Amino acid sequence: MAVTVKTFASAGEAAGALSSDRSARYLGGGTLVMRALNEGDVSISTVVRAQDQALTRIDASGPRIKLGAGVTFARVLAERDLGFLHAPARSIGGPAVRNMGTIGGNLFAPNPYGDFTVALLALDATVAVAGGFGSRDIGIEEFLQARDRQAGTLVLSISCTRPASTEAFRYRKIARIKPKGGSVITLAAHLPISGGRIAGARIALGSMAPTQIRARAAERALEGRSLDAATIAAAASAATEGTSPSDNALGSAWYRREIVGVHLRRLLSGQE
């Protein structure tokens with residue numbers, strides 16, 4: 001089956017092409033779309049590209065950062081001002097994947113991938129999208145819940161607030177093959193502190209549900225409390241509530257439920 005490639009000057013034109021053709025897919029870094037094509041996915045008949053420089057722009061100078069959807073993980077690692085995102089970016093594949101893979105594409109990566117998105121969910125990121133309905137901003141949680149229905153939508157950028165300190169944001173990926181393997185589980189925590197107590201806790205998990213999810217019960221155990229041993233233990237005990245992991249070659253659902261609390265405890269305690 002022949003595949004047509006269409007290249008546009010602007011993201012708006014590319015979004016229009018996507019929204020008018022349900023068999024079209026956007027090609028960013030290619031780590032997802034090219035794999036699908038090489039594996040014979042006949043649902044894709046058109047590949048859409050855009051040369052819009054806004055898609056690769058980074059604005060990291062202020063308290064709120066903005067990353068174009070076409071920014072690669074290698075570029076994130078090269079930016080000193082994005083140091084809090086270096087651990088998630090470094091956990092994505094090997095050098096070749098990091099050189100090509102993009103922030104926007106990672107939002108669509110299925111389990112056991114999509115690790116960078118776990119970090120963005122913990123940071124309460126906002127996703128700017130364009131489609132047949134025009135452009136709008138969507139909270140990342142809402143975006144992920146409707147991810148499988150996002151056909152015809154082009155992600156333009158992702159923005160989030162910079163953590164107040166290095167201790168406020170934490171990330172951990174558990175993989176059998178390091179550093180580039182798919183995740184058994186991935187965890188990220190944003191723990192803003194006000195008056196010595198946690199205010200606005202967000203815990204995000206990967207490979208614990210069909211898409212990345214928040215561990216809301218663990219967040220409730222942390223909220224308004226100091227980050228001591230008792231609080232950490234309570235959050236770890238609640239880590240599996242609301243999760244629905246599945247079995248795959250990297251681990252069973254049972255195994256994931258068994259270890260997620262252990263690794264959340266280590267993450268919150270600052271243990272390696």
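Hi everyone, a word on the ground rules before the structure. Because the model is predicted, local features need pLDDT of at least 70 and side-chain atom pairs count only at pLDDT 80 or more, while totals for chains, interfaces and linings use all residues. Residues are numbered from 1 along each chain as its sequence is written, and side-chain values use heavy atoms, with hydrogens and water left out.

Let's start inside. By nonpolar core I mean a set of buried Ala, Val, Leu, Ile, Met, Phe, Trp, Tyr and Cys residues joined through side-chain atoms within 4.5 Å. Buried is under 20% relative accessible area, exposed is over 50%, and partly exposed is in between, using a 1.4 Å probe and protein chains only. The largest nonpolar core has 36 residues, and Leu82, Leu85 and Ile103 have the most contacts inside it. Among the elements that each supply at least two residues of this core are β5 (64-68), α3 (73-78), β6 (126-131) and β8 (154-161). Helix α7 gives the most, with 6 residues. Helices here are DSSP runs of H or I with at least four residues, strands are runs of E with at least two, and both are numbered from the N terminus.

So what does Leu85 touch, leaving aside its neighbours within four places in sequence? Leu85 is in contact with Ile65, Leu67, Val76, Phe116 and Leu123, where contact means heavy atoms within 4.5 Å. There is also a second, separate core of 26 residues, including Val184, Ala209, Ala221 and Leu250.

On to charges. A salt bridge puts a side-chain nitrogen of Lys or Arg within 4 Å of a carboxyl oxygen of Asp or Glu, and the whole structure has 7 of them. One joins Asp115 to Lys173, with the closest N and O atoms 3.0 Å apart. That pair links helix α7 to strand β9, 58 residues apart, and both Asp115 and Lys173 are buried.

My next stop is Glu141, which is partly exposed at 21% relative accessible area. Glu141 forms a salt bridge with Arg216 at 2.5 Å, N to O, linking helix α8 to helix α9 (residues 216-222), 75 residues apart. Glu141 also has a salt bridge with Arg214, the closest N and O atoms being 3.1 Å apart. Arg214 sits in strand β14 and Glu141 in helix α8, so this pair ties together parts 73 residues apart in sequence. Is Arg214 buried or exposed? Arg214 is buried, at 18% relative accessible area, whereas Arg216 is partly exposed at 39%. Put together, Glu141, Arg214, Arg216 and Glu219 are linked in a network of salt bridges.

Thr211 counts as buried because its relative accessibility is 17%, and beyond its sequence neighbours within four places, Thr211 is in contact with Leu144 and Arg147.

Last, the rings. Rings of Phe, Tyr and Trp (its six-membered ring) pair if their centres lie within 6.5 Å; planes under 30 degrees apart are stacked, over 60 edge-to-face, and the rest tilted. The structure holds 3 aromatic pairs. Phe84 and Phe169 are edge-to-face, 6.5 Å centre to centre with 85° between the planes. Phe108 and Phe143 are edge-to-face too, at 5.5 Å and 80°.
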